[in-house]
Amino acid sequence: MSAPVIAVEDLRTHIVTRWGTIKAVDGVSFAVGEGETLGLVGESGSGKSMTCLSVLRLVPRPAARIVGGRVRLDGEDLLQKSAREMQRIRGKRVAMILQDPMSSLNPVFSVGMQVREPLISYHGLAGRALRDRAVELLGSVGISSPAARLRAFPHQLSGGMRQRVVGAMAISGPPRLLIADEPTTSLDLTIQAQYLRLLKDLQTRHRLAMIFVTHNLGIVAKMCDRVAVMYAGRIVEAGPVEALFRTPRHPYTRALLESVPRLSESTDWLTAIEGQPPDLAALPPGCAFAPRCPRVMERCRAEEPPEFTPAAGRSSRCWLEAPA
Amino acid sequence: MSAPPLLEATALTKHFPLRRGILGRQAGLVRAVDSISFTIDAGRTLGLVGESGCGKTTTSRLILHVATPTSGSIRFEGAPLVELDRDGLRRYRRSVQAVFQDPYASLDPRMRVGAIVGEPLVINERPETAVLRKRVLELLELVGLPARAAELFPHEFSGGQRQRIAIARALALSPKLVVLDEPVSALDVSIRAQILNLLRGLQRRLGVSFLFIAHDLAAVAHMSDTIAVMYLGKIVELGAAADVALRPKHPYTQALFSAALPLDPGARREEIILSGEIPSPLDPPPGCRFHTRCPLVMERCRRDEPPLAPEAGRLVACHLYPGSAT
């Protein structure tokens, strides 16, 4: 692989709460190359969204703070940039699509105004060129009669259309890195299928590096090249999608894959993961998954497992991988 | 056919008039549910799938009797609901309970769990304190919660445990039918299997019937005996869960289930991506309501509405199949 577009190294983001300091992101590292998609999966509170917000340096302050690590975009460390420099980078070189399009769109401005905004501030377009580019962008995300839609307000569009508008704004840079945080969770299934295809098209056209955050393993299987599974602020397993789905190494990954009902097989009982998701304010010593792990050993409750490399391109934070 | 079904809906219809202006002139009619028929057998699960605006929620509200049908009928244990007197309706409401999607919204944060679970009993049966307490503990045990949970407040529980509390409350009056409206979609992935297993176990033990509404098609297929697929207020396909999920006949069902992505990254399957959006139920297309998005649309689909007719062991409403020829 050539130099990665984004390389995150040992990223740490802490949140100060009444119950103590929570390590929302606790030493996360990954890299994504041009045209590549990394799936970030995990449950709520696993740190996947906080990782993305840290990359953009948009963590909710003052409670949350990035306390360590490096986030290199084409070699430049974003954590060293000034606030002003970051503003030029966000939206232009790194774009983000959120779950709910209404949280990205301003309800009181027309679609046209919002699509034009990045074109004016980043590209200095004006007049006819500005209008043409806005129409072109809306057309490129599959919105019919884009010129007329520019005058529409967000509430006049369906959920799928709104998310397309957000997509149009995201690629206006065009960015080097696109972060999609549960972009289809609020959409209906047949609309989700349309939107996933659109994202794939946009990625191929612009050679985007993409980070796709989701809890839907089916979407990961379809969209991603590599996948990182997060649990309690850490990446517990990472690897190429096909290998990881076929032979999961970490007991959490395995349990997650087994607990999901599948259309193709009918079973009476699902293999449930016992217990509750971890309380980040009161993590046990050792491995955070140990209290729920079906293969827990003595060592897991005492020592935190380091990252092992069981095969090329794969990693697992589990003592099962420790050489005997 | 032996015993009559627990619940039978016949030509069930619910239209909402859309009013405009201060005089409330009727400006249109939302055909939320348009002449649908189905049955739910005792101890069985009917899965209801479809996208937003298809009428799933309205159907569940009609069954819960919080909305009255515009026309058509619901029979429960053979008796039409419209003929029930006040006492009869009260008994019906006790027999049909619901569990909703969001256990953060459906539980009163100021009530202790014991009071939440016991409330239906207090209202309906006014049991003595000792009896009530015993029943509450039984219910908590039934859903896998410890007895001390009764003294705690909902905020002290995680999402999965709260949904257990909601299930315990729904079971308090020993209902015959429970409407499960997206019971696991607000829960973490690792918790969903626990709740689905719990529901299935409860059905085996108590013989309760479920109406299972969800957008997670694999979960619906896993939980249901029969599946009804709805599109814009109509049932387009109705049959045994395995038939509908694995060998769908209606082009909409085919597209819907092809959009439910499998977990196997290597799986090469035919993918059907529909064009266009779901039309508004305010102004459904004439003929077959799906014709504007159907990849196999024919001339007559734009004109004639296909009836729900037998095809390959299930019911399908589509002109592709000779069974629907009139």
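Tutor: Start with D181(A), which stands opposite V213(A) in strand β8 of chain A. This is a predicted model, in which local features need pLDDT of at least 70 and side-chain atom pairs count only at pLDDT 80 or more, while totals for chains, interfaces and linings use all residues; side-chain values use heavy atoms, with hydrogens and water left out. Residues are numbered from 1 along each chain as its sequence is written, and chains are lettered from A and ligands numbered from 1 in the order in which they are written.

The strands β7(A) and β8(A), the latter made of residues 209-214, run parallel and share five bridges. Helices (H or I, at least four residues) and strands (E, at least two) are DSSP runs numbered from the N terminus, and two strands pair if DSSP finds at least two bridges between them. Both strands belong to an open sheet of seven strands in chain A, ordered β6-β7-β8-β3-β9-β10-β11, and the pairing in this sheet is mixed. At its edges stand β6 (94-97) and β11 (315-316) of chain A; each has a single partner strand, so one side of each has no neighbour in the sheet.

Now follow the chain out of β7(A). The loop between β7 (177-181) and α8 (189-206) of chain A holds D188(A). Is D188(A) buried or exposed? D188(A) is buried, that is, under 20% relative accessible area, where exposed is over 50% and partly exposed lies in between (1.4 Å probe, protein chains only). A salt bridge puts a side-chain nitrogen of Lys or Arg within 4 Å of a carboxyl oxygen of Asp or Glu; Lys and Arg count as positive and Asp and Glu as negative, with His and the chain ends not counted. Beyond its neighbours within four places in sequence, D188(A) is in contact (heavy atoms within 4.5 Å) with E51(B), S52(B) and I278(B).

Next, helix α11 of chain A, residues 251-259, is mostly covered, with seven of its nine residues buried. Those buried are P251(A), Y252(A), T253(A), A255(A), L256(A), L257(A) and S259(A). Their cover includes the strands β9 (226-231) and β10 (234-240) of chain A, the helices α9 (217-223) and α10 (241-246) of chain A, and α6 (189-206) of chain B.

Last, return to the edge strand β6(A). β6(A) gives two or more residues to the lining of the second largest pocket, as do α3 (101-104), α4 (111-123) and α7 (159-170) of chain A. A pocket, on a 1 Å grid over the protein atoms alone, is an open set of points with protein on both sides within 12 Å along at least five of seven lines, and lining residues have an atom within 4 Å of a point. The volume of this pocket is about 760 Å³. Of the 24 lining residues, R90(A), G91(A), M96(A), S104(A) and M169(A) are the closest to the centre of the pocket. The most lining residues come from α4(A), which gives six.

Technical notes:
On a 1 Å grid over the protein atoms alone, a cavity is a set of points where a 1.4 Å probe fits but cannot get out, and a pocket is an open set with protein on both sides within 12 Å along at least five of seven lines; lining residues have an atom within 4 Å of a point. Grid points are joined across faces, edges and corners, and a volume is the space filled by probe spheres set on the points.
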